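Hi,

Here is the structure I promised to pass on.

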Amino acid sequence: MAHKDDAQQAVPNTPGMRTDGDGVRRHRSLRERHVEETVEVAVPVRTAYNQWTQFKAFPRFSTAVRGVEQIRPTVTAWTIGYGPLRHRFAVEIVEQDPDAYVAWRGLEQTPSHQGEVEFRPTESGGTAITVRMLLEPRGAARILTRSSRAVRLTARLVRGELMNFKQFIEGLGQEGGAWRGTIRNGRVQHDHPEPPRSRVAQWPVG
């Protein structure tokens, strides 16, 4: 794992996109991270990606996620917990490329986190899914993330959730829905200019 000083001297740590000298936009992965876990699933990239981005379906396979609520097009509220314990927090999707990449950041103040998930095709026709996370605690909680035990526990949780997703999507064999949009810097990208907004309030659809 890179040291914080190294990360600050290199590139901004926030995951997202970068433009190289040839003008091609490429992902800028988390420079510093506490957790990185990968699992291979026996479904095509499109299927794995489509199902993963159905965030409201996470409670169907997750042992920690109890509910997901859509707040805005790029913001969701997650409720996690075990037994009677519950914790609710908001997450913003900052970058999203269909069949390739999703990056997010927690909107909490204490503690918060950043994360990203990449989807890559395997030679067997399946998908390698890699999740990376960086915890960003405040105050006394910073001490916890410096301990190897805390990092191991977080890695174990992420690994377990990836295995749960693997069993879930391989059992289904196909996705239960899809959202194929692209997000840049926390904004949904539209292929065509948006029409003028009506003065009459309308509920979002789709």
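Lys166 and Glu170 join their side chains in a salt bridge, at 2.8 Å from N to O; I count a salt bridge when a side-chain nitrogen of Lys or Arg is within 4 Å of a carboxyl oxygen of Asp or Glu. The two sit about one helical turn from each other, because they are four residues apart in helix 4. Glu170 is partly exposed, at 31% relative accessible area. For that term, buried is under 20% relative accessible area, exposed is over 50% and partly exposed is in between, with a 1.4 Å probe and protein chains only.

Before you go further: this is a predicted model, so local features need pLDDT of at least 70 and side-chain atom pairs count only at pLDDT 80 or more, while totals for chains, interfaces and linings use all residues. Residues are numbered from 1 along each chain as its sequence is written, and side-chain values use heavy atoms, with hydrogens and water left out.

More on the salt bridges

The structure has 11 salt bridges. Glu118 takes part in two that I'd look at: one with Arg120 at 3.8 Å, N to O, and one with Arg132 at 3.2 Å, N to O. Glu118 is buried at 12% relative accessibility, Arg132 is buried at 10%, and Arg120 is partly exposed at 34%. A salt-bridge network links Glu36, Glu116, Glu118, Arg120 and Arg132.

Overall fold

The protein chain has four helices and 11 strands; these are DSSP runs numbered from the N terminus, H or I of at least four residues for helices and E of at least two for strands. Of its 206 residues, 42% are buried. Among contacts (heavy atoms within 4.5 Å) with a separation of 6 or more, 54% are between residues 24 or more positions apart. The accessible surface is about 12,700 Å², and carbon and sulfur atoms hold 52% of that; the areas are Shrake-Rupley values with a 1.4 Å probe, and for residues only the protein chains shown count as cover.

The core

The largest nonpolar core has 31 residues, and Trp52, Trp78, Val117, Phe119, Ile129 and Val131 touch the most other members. Here a nonpolar core is a set of buried Ala, Val, Leu, Ile, Met, Phe, Trp, Tyr and Cys residues joined through side-chain atoms within 4.5 Å. Elements that give two or more residues to this core include strand 3 (35–41), helix 2 (45–52), strand 8 (112–121) and strand 9 (127–136). Helix 4 gives the most, with six residues. Leaving aside neighbours within four places in sequence, Val117 has contacts with Trp52, Ala100, Tyr101, Val102, Trp104, Ile129, Thr130 and Val131.

Asn164 lies in helix 4 and is buried, at 19% relative accessible area. Beyond four places in sequence, Asn164 is in contact with Phe61, Ser62 and Thr63.

Aromatic rings

I found 10 aromatic pairs in the whole structure. Rings of Phe, Tyr and Trp (its six-membered ring) pair if their centres lie within 6.5 Å; planes under 30 degrees apart are stacked, over 60 edge-to-face and the rest tilted. Phe55 and Phe58 have ring centres 6.3 Å apart and planes at 50 degrees, so this pair is tilted. Phe58 and Trp78 have centres 5.2 Å apart and planes at 80 degrees, so that one is edge-to-face. This second pair links distant parts of the chain: Phe58 is in the loop between helix 2 and strand 4, and Trp78 is in strand 5 (residues 75–80), 20 residues apart. Phe58 and Trp78 are both buried. Ring pairs also tie Tyr49, Trp52, Phe55, Phe58, Phe61, Trp78, Phe119, Phe165 and Phe168 into a cluster.

Confidence

Mean pLDDT (the predictor's confidence in each residue, from 0 to 100) is 78 for the protein chain, and 68% of the residues reach 70 or more. pLDDT stays under 50 over residues 1–12, where the model has 13 contacts beyond four places in sequence. Residues 197–206 also stay under 50, with zero such contacts. Where pLDDT is low, predicted coordinates should not be read in detail.

Cheers
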